[in-house]
Amino acid sequence: MIIEPKVRGFICTTAHPAGCAQNVKNQIAFVKGKGEFKGPKKVLVLGASTGYGLSSRIAAAFGSRAATIGVGFEKPASGSRTASAGWYNTAAFEQEAQKEGLYAKTLIGDAFSQEMKEKVIDLIRSGLGKVDFVVYSIAAPRRTAPDGNTYSSVLKPIGRAYSDKTIDLKTRAIVPVSVQPASEQEIHDTIKVMGGEDWALWMDALANAGVLEQNARTVAYSYIGPEVTYPLYRSGTIGMAKEDLEATAKKISERLAGISGSAYVSVNKALVTQSSAAIPVVPLYITLLFRLMKEKGIHEDCIAQMDRLFREKLFNLENMPVLDGEGRLRVDDWELRPEIQREIEKNWPAVCTENLEELADIKGYWKDFYNLFGFEVDGVDYSADISPEMAIPSVN
């Protein structure tokens, strides 16, 4: 069949197996082009199929020759319906890992569940014995917690309504946006989904099962962003969840003291993702940011971010994590350079529909969006007849 992108709202309901596979190969080539680094050897990646989680798995496997176990919530192809992009990404990753003799196993299911925690522990015991690095890269709109309740997250300001402008990505018009403040229940529920509770449960389960190596490390991913997005993001419901995540890192480090383990939060750069596309204001900020960072030659995508995080910040030559004053890893440092943010502060009130193409990187945004689903990837023949079926070698 000929597979074409079908965009609905902020997601694409189709994915292209060859395009996703080429994306994975491109990321692998980037890491191998940097050479090997002395990093982790037995890695668990929770949320391993897309975005920062996928890039983390690639950076560890092909940069440090690590054996990896990945967990993802993905769907295979069914009839004429394509698989999810994460399914194709994972299949391609495992195939490339096999070619180089790298251990790679994947479990598909709900990473929030106790059942998945038990399955992962069993797989670690049978395949790796123990792991020395755990990546927590789970982003989901809802979570069923151990108490049996299902919580949903919201992206809202706290205390008062927020009004500004954003971009209608389809019409490429600048339009006003207003978001009402969150209720106390919505704040609580967002922290339950996006905060650190599940990360802590994972690390407790792994530690109690005895499957963490001495000096094991774990990292979870966060975002801060510029002041222009603070009311809706860092000072809003998601920001409260991220503060909980950072507080959880300290608690996990205390719990892992017996094995000299440590937990960190890495603050990463703004990138085009399925979730960021749905956040008012953020897509406009990203398009302004990308133009400036590309002009200055400091733009990074997911794999460049994760490679730099591992190679320079977390597993550097001294094997001493490079932290800010709050104990966080920072690979948003190039994004937040004063000269970049000053230019954005100047452009923000000036940007309008008429000058959008001049000030913002709209084409780059859309290319990144389609690339998420395997479309518009250079070197792929999208006119070719292709089966939507693609097997993940380790998944029955």
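Predicted model: local features only at pLDDT ≥ 70, side-chain atom pairs only at ≥ 80, totals over all residues.

Visitor: Where does K38 lie?

Guide: K38 lies in the loop between α1 (17-34) and β3 (42-46).

Visitor: And what is K38 in contact with?

Guide: Leaving aside neighbours within four places in sequence, K38 is in contact with S64 and F315.

Visitor: How far apart are K38 and V267?

Guide: In sequence, K38 and V267 are 229 residues apart. In space they are 22 Å apart, C-alpha to C-alpha.

Visitor: Another lysine, then. Is K313 buried or exposed?

Guide: K313 counts as buried, because its relative accessibility is 14% and the cut-off for buried is under 20%. K313 is found in helix α9.

Visitor: What is around K313?

Guide: Setting aside neighbours within four places in sequence, K313 is in contact with R308, M320, P321, V322, L329, R330, V331 and D333.

Visitor: R308 is on that list. Over the face of which residue does R308 lie?

Guide: R308 lies over the face of W334, at 3.8 Å from the ring centre.

Visitor: New topic, the sheet. In what order do the strands come?

Guide: Seven strands form an open sheet, in the order β5-β4-β3-β6-β11-β12-β13. The pairing is parallel.

Visitor: Which strands stand at the edges?

Guide: β5 (104-108) and β13 (329-330) do. Each has a single partner strand, so one side of each is left without a neighbour in the sheet.

Visitor: What about the inside? How many residues has the largest nonpolar core?

Guide: The largest nonpolar core has 92 residues. I58, F62 and F310 are those with the most contacts inside it.

Visitor: Which helix gives the largest share of this core?

Guide: Helix α8 (residues 282-295) does, with nine residues.

Visitor: And what does F310 touch?

Guide: Not counting residues up to four places away in sequence, F310 touches F37, S56, A59, A60, F133, V135, Y221, F315 and N316. F315 was also among the contacts of K38.

Visitor: Which residues are in the other core?

Guide: Another core, of 36 residues, lies apart from the largest one. Among its residues are L107, Y136, A140 and A263.

Visitor: Now the rings. How many aromatic pairs are there?

Guide: The count comes to 12 aromatic pairs. W366, F369, Y370 and F373 form one aromatic cluster.

Visitor: Last topic, backbone angles. What is the phi of N319?

Guide: N319 has a positive phi of about 55°, although it is not a glycine. N319 sits in the loop between α9 (302-314) and β13, and is partly exposed, with a relative accessible area of 41%.

Visitor: And E376, what is its phi?

Guide: Phi of E376 is near 60°, a positive value in a residue other than glycine. E376 is found in the segment after α12 (362-372). With a relative accessible area of 40%, E376 is partly exposed.

How values were computed:
Residues numbered from 1 in each chain as written. Heavy atoms only, no water. Pairing = 2+ DSSP bridges. Helix = DSSP H or I, 4+ residues; strand = E, 2+ residues; numbered from the N terminus. Core = buried A, V, L, I, M, F, W, Y, C linked by side-chain atoms within 4.5 Å. Buried < 20%, exposed > 50% of the residue type's maximum accessible area, 1.4 Å probe, protein only. Contact = heavy atoms within 4.5 Å. Phe/Tyr/Trp six-rings, centres within 6.5 Å; stacked < 30°, edge-to-face > 60°. Lys NZ or Arg CZ within 6 Å of the ring centre and 35° of its normal.
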